[in-house]
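Here is my note on the structure you passed along. Please read the points with the model open.

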Amino acid sequence: MNPESTAVVTSALPLAPILTPLGLGLLLLLPMRRRWRVSLALASALLTLIFSLLLMNSTMGGMLVSELGGWKAPFGIVMAADRLGSFMSVLAALCGVFTVWLMAAQPDPVRERHHSFALTSFLFVGVQLSFLTGDLFNLFVAFEVMLVASYALTVLGSTREQLREGFRYIVMNLSASALLVVACGLAYGTLGTLNFAHLAQRSAALGPNTTVTAVGVLLLIVFAAKGALFPLGFWLPGTYPAVPHATGAFFGAVLTKVGLYALIRVFTTVFNQDPQLPDTLLLLLGAVTMLYGALGAVSQREWRRILSFTVVGSVGYLAYGLGLGSPDALRASLAYLAVSVVVTLAMFLIAAVAERASGTRLVRARGFIEFLPLLAACFLLCALTVAGLPPSAGFVVKFDLIRAGLEGGTALAYVATASALLSSLITLYALLRVWSGFFWGRHPQDEPVRRVRWPERLPAYLASALVAALTLFAGPLLGHARGTADELGSNASYILGVLGEGPLDLPPPPRGDEVQEPEDAP
């Protein structure tokens, strides 16, 4: 497929996954009975998923662009949906449905009285806006919407752990946001625009430039902090276990991937004329982050702390694939991203059931295979997927990543590939230790087993079924990833879709004589 031949359609559809949770989230602020609030939140999440699926289907043949207020890019605000943005929108919306489902199944009167459903909807707004915006400044706005909502959800409940971890979370993310503002200013000062397509066009015309490279590196630092790459992800392993189960599942599955999405967008669509330095930094950060995540998982004893470190490891794999810089590596990274989102969601949902059943966060409960045999099978499948062992989808996508690494041909690529293999083995050991510690053996008679209702267990089972489905449909997944990587390989279609074919209709510069003197009266 020639990327430049894809059709471009102006449509309001890219706005739908953003406006739906925004509008229904505002309604959720109104006083109403719980069953109405739950129904409204579920309807919002399901509608967002439907609109995202329609959007992904529409972008299979070309881009969809929404121009707010009829203002043409780069002067107005545009939402630009290509295959990458729409696919990420679907993944986030899918996780949103499971999140709201678990919130509905685990009533929490205190947090619900302080509008946890509405805050979750606003979090979805920020995530969807991140994936669909067409300019750098609105990406900053999307991050701030996410930050405000996620910070409120983190500290809602006001336990000492929540306040401590929430403080670290907010300080780190506010610092990254301040750097993003600086990067926006530098980009605008150098290239005179913040629109992604216009930035790509102008930076390509400028050629290799030290200031543009500096802007790119600054953005890399910002998005590495948002994505929790080592050493900027120190806030993550403490923050995610401190929030309620449903919120933690969405945080773990989606929030770090927003930072990785931004890295992919910026370094494939926008600043792709001088990739050597960003690729080297990503490869280095990815290699270290993979090991840090795997070793961190081994060192922990609590369910969600272990899973939080596997989240860190997964962003390391994505940075590793992106840093390799080849089309095959990009394709493997995109497929890995989808698998990572779904399996992380499933693992956090499984952890929610396990903690509720045992009444403790610790994994050393023993013998739960007798009471929750299906959950034990689901965890084993997800553990194999995270570690990348056959026959799971994790094996398929990691095999592609490792092969791309071996074809990298540089010493750093080989070192990073060795790190990826070693990290997989360590992660497997950490997760099998969880399985043997929680599910295997005989359960102590003096420790009670709490009943977990089906509505709380069902999300974990269905998410695990999705993990299994990814194994069965690994071929179509890789095919979609290949099409997306091909589209990202040339930013011509993106620039064409946003800016159009003709030259930009710039307003004439002021001459100083625009005000005409009135003619003398006769």
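1. How far apart do the end C-alpha atoms of residues 134-421 lie, and how much of the span is helix and how much strand? The ends are 36 Å apart, with 80% helix and 0% strand. Helices (H or I, at least four residues) and strands (E, at least two) are DSSP runs, numbered from the N terminus. UniProt, in an unreviewed entry, places "domain: NADH:quinone oxidoreductase/Mrp antiporter transmembrane" on these residues. UniProt positions follow the numbering used here, feature names are shortened, and annotations may be inferred rather than shown by experiment.

2. Ground rules. This is a predicted model: local features need pLDDT of at least 70, side-chain atom pairs count only at pLDDT 80 or more, and totals for chains, interfaces and linings use all residues. Residues are numbered from 1 along each chain as its sequence is written, and side-chain values use heavy atoms, with hydrogens and water left out.

3. Helix α5 (residues 116-132). Its 17 residues should span 24 Å at 1.5 Å a residue, and the end C-alpha atoms are 25 Å apart, which agrees. The expected span is 1.5 Å times one less than the number of residues. In α5, 17 of 17 residues are buried. Buried means under 20% relative accessible area, exposed over 50%, partly exposed in between (1.4 Å probe, protein chains only).

4. Helix α6 (residues 136-155). It has 20 residues and reaches 29 Å from first C-alpha to last, close to the expected 28 Å. Of its 20 residues, 15 are buried. D135 caps the N-terminal end: a side-chain oxygen lies 3.1 Å from the backbone nitrogen of F137. Just after α6, G157 has a positive phi of about 120°.

5. Aromatic pairs. The whole structure holds 22. Rings of Phe, Tyr and Trp (its six-membered ring) pair if their centres lie within 6.5 Å; planes under 30 degrees apart count as stacked, over 60 as edge-to-face and the rest as tilted. F368 and F438 have ring centres 4.5 Å apart and planes at 20°, so they are stacked. The two are 70 residues apart: F368 sits in the loop between α14 (327-358) and α15 (373-387), F438 in helix α17 (residues 411-438). Both F368 and F438 are buried. F438 also pairs with F439, with centres 5.0 Å apart and planes at 80°, so this pair is edge-to-face. F439 counts as buried because its relative accessibility is 0%. Ring pairs link W303, F368, F371, F379, W435, F438, F439 and W440 into a cluster.

6. Strands. Strand β2 (residues 62-67) has five of its six residues buried. β2 pairs with strand β3 (residues 78-81) in the antiparallel sense over four bridges. Two strands pair if DSSP finds at least two bridges between them. L64 has A81 in β3 as its bridge partner.

7. Backbone exceptions to check. Most residues other than glycine have a negative phi, and most peptide bonds are trans. The A73 to P74 bond is cis, with omega near 5°; P74 is in the loop between β2 and β3. P390 and P391 are also joined by a cis bond, with omega about 10°. A228 has a positive phi near 70° and is buried, at 1% relative accessible area. R366 has a positive phi near 65° and lies in the loop between α14 and α15. R366 counts as partly exposed, at 30% relative accessibility.

Key. A polar contact is a pair of N or O atoms within 3.5 Å; within protein, one must be able to donate a hydrogen and the other to accept it, and residues adjacent in sequence count only if both atoms are side-chain atoms.
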